[in-house]
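These are my notebook entries on a structure with two chains of interest to me. I record what I looked up, in the order in which I looked.

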Amino acid sequence: MRIARSLLAILSVAAASGASAQILDYGDFEGLFGEPVTTSATGKPERLSDTPATMDIITAEQIKRSGARDLASLLRMLPGVIDYRGFNGVESFSMGALLLNGREIYTASFNQILLEDLPIALEEIRQIEVVRGPVSALYGFNAAEGVINIITFDPSKDPINLAMGRVGNNGRRDATVIGTVPLANGVGLRLSAGGDHAHDVGDVHLATPQVVGKNPERQAFSAQLSAVLPNGDHAGAEVSHSDVTVNTMVPEVTEFIDLRIQTDAAKVDYSADTAIGLASAMVSYTAMRVPTGSTPASGLFQLNDHTVDAKATDLVKLGISDSVRFELEVRDEDVHSNSSIAPISADFLGGSAMWEHQFLPDLRLVNVVRYVHAETTQGDTSTPATYVHFDNHGVSDNSALIYRLGDEDTLRVSFARGLALPSQLTFEQFGVTANPGKKTSLANNPNIATSNVTEYRLTWDHQIEALAALGRVSLFDKQSGDVIGLLPLQLVASLTPVCVKPPNPRAALSCAVMARESGLEGVIQGVQVQLDHASWKGIEWGLNYSYEQDHPHATASSAVAVPALLDTQSYHKVAGNIGYAAGDWTFDARLLYSSRVRSLTLATSPVPQVGMVADKNIVSLSPHISWTPLSDLTLDIAADNLWDYKEDLIQRVPTTYFMTVKWSY
Amino acid sequence: MLACLLSPIAAGATSPKDIKIGVHVIDFVTNPPAGKNAIGVLYDSKVKESADDAQVILDALSVSLPHGATAPKPILVDIRDLDDAQTLRAVVVADHMKQHFDKVSAFGHRTGALILSADLECVRSNKCTVGIASSPRVEVILSSKQAQASGIQFSEAFRMMVTEY
């Protein structure tokens with residue numbers, strides 16, 4: 001009821017705005033400035049080269065030339081994405097929040113992002129915007145590590161009509177059909193439907209009676225309506241359905257899980273250029289159902305998860321030097337699961353403010369602050385033994401200074417503090433809560449408190465005209481505190497008796513992964529160097545290098561169990577792409593090197609032992625050849641990971657070959 | 001003063017790419033004047049460089065502007081004939097027109113025409129409405145005083161993405 005009242009209040013704010021005007025149009029502004037534009041960095045429209053945040057944009061052309069089959073393959077090429085290596089393209093992605101046209105793609109029950117749950121095809125994407133570092137001041141609790149905002153083509157202006165089929169090894173069979181219907185002048189509707197299938201070869205098979213979906217499957221449908229009204233306002237609506245079967249990991253308890261997830265989502269938005277600025281409102285609803293799920297700890301389970309989110313924003317330029325933005329957001333999440341003692345609900349109320357001041361034409365300061373209040377409840381007061389209620393609140397903030405030093409150089413200095421909340425998983429979704437009566441949880445920090453990430457970053461961009469390239473050096477220092485995921489190993493063994501002597505490898509792994517990031521906080525210092533979008537004699541290429549040094553701090557119990565947890569670790573990653581176009585042909589390749597990563601694991605033979613295990617260095621080459629014999633027909637041949645590698649005890653990244661036929665109609 | 005010294009933008013002859021950007025800028029005016037469809041290329045017929053630049057602008061406009069019966073038509077306008085050109089929706093000021101900036105500005109105030117120029121000094125001195133530069137980086141600068149005096153309004157998003165003076 002409270003949520004309903006809040007929604008009405010937000011919608012009334014939007015309705016109160018009289019309107020005339022023109023709203024942000026990605027295509028128009030990109031045509032004007034000759035570079036991508038975005039609102040992801042501050043909530044304000046900006047050119048990519050003007051954003052105060054350090055960010056990357058993957059354009060539609062880059063997606064096309066990459067030959068990538070999925071979002072995972074694209075994201076892993078970005079600098080700074082070190083922990084993410086890939087697993088059939090279906091594993092969770094834990095680098096911040098994932099948004100589709102502003103709607104969050106997030107499974108609250110598992111506190112993670114399933115990339116496969118994205119209900120659209122890559123061909124519908126105009127650009128993928130990735131902001132590095134905490135941005136929860138703009139996007140709320142889930143964006144403590146950054147944000148990925150996927151912007152699709154506007155069906156009222158950019159019609160896409162495409163049929164695509166793909167076959168490959170390991171039983172790969174994908175098909176997608178996209179069609180755009182112009183309904184009236186300025187009104188367009190895009191429909192897309194697709195299905196993917198492959199045999200599961202990435203999961204190292206472990207004996208279990210509870211596997212519900214061995215092969216990764218995905219079916220998705222989406223519809224997007226966009227209307228530019230006669231007065232210049234914009235109205236949009238999106239509905240989608242996806243049905244995904246994955247074998248994945250739950251980050252908070254690092255537990256292996258087999259899932260079939262069916263997700264229905266709807267979103268409406270309205271924006272107008274009004275007398276009080278650029279006003280917009282958005283309401284989204286996401287219903288996620290797990291008809292069959294399985295974990296070693298809890299066995300088979302079913303789950304329903306409903307999320308309603310509503311936000312209203314107003315963005316206005318005051319005078320010639322100041323812009324301000326205000327946002328109010330309400331969010332309600334409810335989870336019902338047969339593995340829980342009682343249903344769980346979480347209510348969020350947040351407000352944020354952004355202020356940008358331009359001191360000089362080339363010097364700007366941006367500040368963003370957000371306050372969020374969250375109430376998480378399990379059960380009700382009529383059953384005190386199972387009733388749990390927590391209030392959380394906190395402030396996150398971002399400050400950045402951007403200074404253009406002449407025609408070719410830009411300097412960014414930023415400070416960001418992001419907050420993350422424990423998820424509903426905290427409340428024993430999988431039966432791992434230690435003692436609900438004492439309001440403690442095994443799967444999370446015992447006080448159900450917010451964790452925080454603080455980052456200082458210095459970034460220097462240099463335009464290299466001779467190469468038509470952007471050179472970038474970015475230095476950062478990131479500190480994490482009160483990290484979610486405190487799970488001393490002794491507790492695993494004492495509270496989950498099966499972990500004292502796991503009866504089979506899968507159970508042993510389950511115990512290991514449950515403890516895997518237990519009680520770790522720390523400081524990460526790193527540097528990212530990149531040279532992007534370079535062009536030389538018809539050859540397109542880009543290269544980036546990332547280095548990070550982690551200085552972890554473990555809780556006392558974790559450190560006693562595994563002293564090596566405290567060791568400093570270093571990571572290196574090099575990612576590059578090169579391509580050449582000749583007539584109807586394009587030749588491209590992606591190269592990735594990632595140094596070994598040590599992780600906590602459990603040896604199972606001859607007796608269970610806990611320790612740090614380092615995997616191998618990874619070198620991955622993914623070539624792609626494309627031929628366009630007719631203007632509306634394209635044939636692609638591509639390979640992912642020419643050199644198969646095993647990532648850890650339970651995941652292997654296989655070599656995949658596939659051929660794609662695309663017909664634009 | 002400091003802002004001007006720090007700015008990377010320099011004045012110079014107009015390039016076809018400048019014109020392409022300028023034509024795009026016209027689309028972001030939210031209150032276009034009714035009944036005015038011509039785009040004037042303003043030059044000084046007594047200065048060869050100005051006349052030459054005007055021809056470059058005219059040629060570029062012919063390519064950049066949409067075609068059709070209702071499409072805007074580019075025409076050459078000598079600064080001495082400016083008072084007779086009352087139906088202009090926008091004016092592109094050619095190079096070497098600095099001595100006429102006051103007259104150009106007054107014309108904008110009087111008729112509500114959008115004044116575009118690749119000479120960014122014209123905008124910084126609040127005599128032209130929008131300044132455009134395409135190299136080395138696309139720059140669009142806006143004189144809010146000239147726009148306000150001419151009754152011209154731009155979309156909020158556009159104002160946030162350009163530099164205002």
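**Entry 1: terms and source.** I call a residue buried if 20 or more other C-beta atoms lie within 10 Å of its own, exposed if 12 or fewer, and partly exposed in between, with C-beta atoms placed from the backbone. Helices (H or I, at least four residues) and strands (E, at least two) are DSSP runs, numbered from the N terminus. I note that this is a predicted model, in which local features need pLDDT of at least 70 and side-chain atom pairs count only at pLDDT 80 or more, while totals for chains, interfaces and linings use all residues. Residues are numbered from 1 along each chain as its sequence is written, and chains are lettered from A and ligands numbered from 1 in the order in which they are written.

**Entry 2: helix H2 of chain B.** I looked up helix H2 (residues 16–26) of chain B and found Asp18(B), Ile19(B), Ile21(B), Gly22(B), Val23(B) and Val25(B) buried. I count two residues as in contact if their C-beta atoms, placed from the backbone, lie within 7 Å. The cover over the buried residues of H2(B) includes H2 of chain A, along with helix H3 (48–64) and strand E5 (130–133) of chain B.

**Entry 3: helix H4 of chain B.** Which residues of helix H4 (residues 101–111) of chain B are buried? I found Val104(B), Ser105(B), Phe107(B), Gly108(B) and Thr111(B). Down the axis of H4(B), these buried residues fall within an arc of 155°, so they line one face of the helix; the arc is that of the directions from the helix axis to the C-beta atoms. They pack against strands E1 (38–43), E3 (88–93) and E4 (114–117) and helix H6 (144–150) of chain B. Just after H4(B), Gly112(B) has a positive phi of about 80°.

**Entry 4: where the chains touch.** The contact takes 28 residues from chain A and 23 residues from chain B. On the side of chain A that touches chain B, H2(A) gives the most, with five residues. By class, that side has twelve nonpolar, seven polar and nine charged residues. Here Ala, Val, Leu, Ile, Met, Phe, Trp, Tyr, Cys and Pro count as nonpolar, Asp, Glu, Lys and Arg as charged, and the others, Gly among them, as polar.

**Entry 5: strands of chain A.** I counted eight helices and 33 strands in chain A. Two strands pair if DSSP finds at least two bridges between them. Strand E17 (residues 344–360) and strand E18 (residues 363–378) of chain A pair in the antiparallel sense over 16 bridges, and they form a hairpin with two residues between them. The bridge partner of Asp347(A) in E18(A) is Glu375(A). E18(A) also runs antiparallel to strand E19 (residues 388–405) of chain A, joined by 16 bridges, where Val368(A) stands opposite Asn398(A). I also found an open sheet of five strands in the order E3-E6-E7-E4-E5 (chain A), with mixed pairing.

**Entry 6: confidence.** Chain A averages a pLDDT (the predictor's confidence in each residue, from 0 to 100) of 79. The lowest mean in chain A is 45, in helix H1 (residues 2–15), and the highest is 97, in strand E8 (residues 162–168). Over residues 428–447 of chain A the pLDDT is below 50. Where pLDDT is low, the predicted coordinates should not be read in detail.
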